[in-house]
Amino acid sequence: MSTTDSPPDDTNSSGDLDAPLLEVRHLSKVFPGVVALDDVSMNVRAGEVHGLVGENGAGKSTLLKIVSGLYVADGGELLWNGEVVRFRAPPDAVKRGIELIPQELSLAPSLSAAENIMMGIYPAHLGRVRWREVKREAETVAATIHLEADLSRKASTLSPAEQRLVMIARALARKARLVIMDEPSVSLSEVEVDALKAVVHRLRERRVTVIYVSHRLDEVLELTDRVTVMKDGRVISTDQTSAVSKPVLIERIIGRSYGEQFPSRRALESTSPLLSVRNLSGGRVRDVSFALHPGEILGISGLVGSGRTEIVRMVFGADPLESGEIEVDGRPVKLTHPRHAIRRGLSLLPEDRRGQGAIVNMSIAANVSLPVLRRFAMRGTGMIHERVEARAVRERIDRLNLSTPNVQRPLKFLSGGNQQKALVAKWEMSDSRVFMFDEPTAGVDVGAKQEIYSLIAQLGARGAGVILISSELEEVVGLCHRVLVMREGRCVGELAGEAISEAAILHLCYEG
Ligand SMILES: Nc1ncnc2c1ncn2[C@@H]1O[C@H](COP(=O)(O)OP(=O)(O)OP(=O)(O)O)[C@@H](O)[C@H]1O
Ligand SMILES: [Mg+2]
């Protein structure tokens with residue numbers, strides 16, 4: 001914990017002496033059928049790291065989008081340094097020094113990292129941009145947060161972690177006073193999260209105020225000075241972080257007591273494998289072999305970039321293999337397209353949900369029922385029985401506690417975590433026998449994580465095999481029967497049963 005240098009506790013003072021940097025009063029925002037914000041008031045003090053937590057759809061991103069000028073509130077007001085301000089568009093907020101690093105990354109993919117960092121503030125002389133200076137200034141800012149990537153690389157070639165850091169660097173280049181990070185740690189590995197935490201500490205040292213949104217409560221407890229809980233569009237509480245604990249936060253977030261986090265692990269019977277992979281190579285992956293048995297939950301761990309995602313993409317036929325054999329139910333198969341894999345009973349929930357998993361303009365129902373659409377076809381007409389489909393979809397998503405007034409709405413109107421839940425529901429509806437989940441709980445709130453864990457366990461109970469990739473080691477330890485640990489494309493170790501622990505996995509990740 002590093003909260004020793006937190007600002008003095010002045011919760012009991014009148015507050016006038018230490019006027020907040022940002023204050024929101026009675027904000028409200030309604031979307032069709034959804035009250036996203038309902039009379040929200042809170043404040044953020046200069047120089048603090050302020051945590052913001054709450055279930056998927058609680059209204060966190062909506063609040064932050066209003067604060068940064070992306071949305072206009074229906075009612076209420078914003079005060080900046082004690083003065084009422086009106087933001088009609090993001091530049092109005094940027095001018096005051098408010099920078100949002102959104103949940104979904106949004107760099108200009110074909111520009112270099114340096115250009116992205118300096119975007120909008122290119123040093124110019126007589127109307128000509130001085131590119132050398134752009135690069136030099138970008139490097140200076142990048143150095144302050146230890147962003148070590150080559151800044152001449154195109155943004156699209158950077159890892160998610162590097163992209164996140166580029167966005168933070170951009171905020172600093174524009175002299176941000178308030179940096180808002182909406183789930184910055186999603187899809188980052190442990191090491192990268194450590195780097196991110198160091199960046200937050202550095203921002204705090206420089207008296208840059210930070211709002212930090214995360215579903216990873218350990219992070220929030222470690223990094224923040226105060227923490228606000230939102231639920232159903234309202235603020236439930238704001239506390240000094242040192243005065244709350246994880247169980248307290250969880251109960252406030254989900255509004256009930258939590259119980260066991262992980263379902264109990266089922267004993268496996270010895271049977272022949274559902275899936276065997278032998279000497280798989282391709283991309284960064286070299287010579288990886290493993291088997292997956294009915295009912296088994298197999299973890300694949302390793303740092304981001306160690307080849308975890310590539311393995312499941314190759315097995316799913318989404319990426320070509322250079323060599324190796326795959327057997328499903330003991331029969332050799334050639335999977336050169338996801339279609340073939342789906343036909344053999346394999347499914348993949350990809351890591352990059354917006355890029356590969358979801359069709360965001362299509363309805364929730366269509367996204368969820370995509371793999372099993374035939375089930376809802378009206379015989380001989382080629383048409384879909386929408387009511388039956390809607391009912392089936394509704395049943396699935398209700399179980400994951402995904403709140404939406406209507407399953408016919410486009411997926412893009414769901415909050416980030418709720419989109420992820422919808423995609424989990426999608427594969428759960430299929431009758432696959434091998435489920436590959438790549439970061440299934442990324443951006444998902446604590447209550448829904450629990451639902452996804454029990455869903456994974458249920459898949460095992462019905463005899464399916466599950467491959468689980470997760471950067472949250474706690475999940476791997478809590479759920480898996482066996483764990484393969486990858487480093488630089490190779491499998492460097494395997495742990496089973498009692499031998500699975502966070503320490504053992506990390507040990508293999510770094511020096512196995
Ligand atoms: N542009 C939009 N159009 C319609 N509804 C929206 C829109 N943006 C958000 N909503 C709805 O407003 C509610 C609050 O969403 P918001 O994205 O603020 O939640 P969140 O707390 O950030 O959740 P998460 O943790 O999943 O990111 C949700 O019910 C969401 O579906
Ligand atoms: Mg959000």
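1. Basis of the values. The model is predicted, so local features require pLDDT of at least 70 and side-chain atom pairs count only at pLDDT 80 or more, while totals for chains, interfaces and linings use all residues. Residues are numbered from 1 along each chain as its sequence is written, chains are lettered from A and ligands numbered from 1 in the order in which they are written, and side-chain values use heavy atoms, leaving out hydrogens and water.

2. The four-stranded sheet. Four strands form an open sheet in the order S14-S13-S16-S17, and their pairing is antiparallel. Helices (H or I, at least four residues) and strands (E, at least two) are DSSP runs numbered from the N terminus, and two strands pair if DSSP finds at least two bridges between them. Strand S14 (285–292) and strand S17 (331–333) are the edge strands, each pairing on one side only. From one strand to the next, the twist averages 25 degrees. Axes are lines fitted to C-alpha atoms, for helices over the stretch in contact, with angles from 0 to 180 degrees between N-to-C directions.

3. The S16 and S17 pair, and helix H9. Three bridges link strand S16 (residues 323–328) to S17 in the antiparallel sense. Val 328 stands opposite Arg 331 of S17. Helix H9 (residues 308–315) lies across strand S13 (275–282), S14 and S16, and runs at about 115 degrees to S13.

4. Is strand S9 (residues 178–182) mostly covered or mostly uncovered? The strand is mostly covered, with five of its five residues buried; buried means under 20% relative accessible area, exposed over 50%, and partly exposed in between (1.4 Å probe, protein chains only). Leu 178, Ile 180 and Asp 182 are buried on one side, and Val 179 and Met 181 are buried on the other. S9 runs parallel to strand S6 (residues 98–101), to which four bridges join it, and Leu 100 stands opposite Ile 180. S9 also runs parallel to strand S10 (residues 209–213), here with five bridges, and Leu 178 stands opposite Thr 209.

5. Packing of H5 on H6. Helix H5 (residues 160–173) packs with helix H6 (residues 190–205) at an angle of about 10 degrees, the axes being 11 Å apart. Ala 161, Leu 165, Ile 168 and Leu 172 of H5 make the contact with Glu 192, Leu 196, Val 199 and Leu 203 of H6, where contact means heavy atoms within 4.5 Å. By class, this contact has seven nonpolar, no polar and one charged residues.

6. Cysteines. With a disulfide taken as a pair of cysteine sulfur atoms within 2.5 Å, the count is zero. The closest cysteine sulfur to that of Cys 491 is in Cys 509, 11 Å away, which is too far for a bond. Cys 491 is partly exposed, at a relative accessible area of 30%, whereas Cys 509 is buried, at 3%.

7. Ala 442. This residue is found in the loop between strand S21 (434–438) and helix H15 (446–461). Ala 442 counts as buried because its relative accessibility is 14%. Ala 442 and Glu 472 are 30 residues apart in sequence, and their C-alpha atoms are 9.0 Å apart in space.

Technical notes. Nonpolar A, V, L, I, M, F, W, Y, C, P; charged D, E, K, R; others polar.
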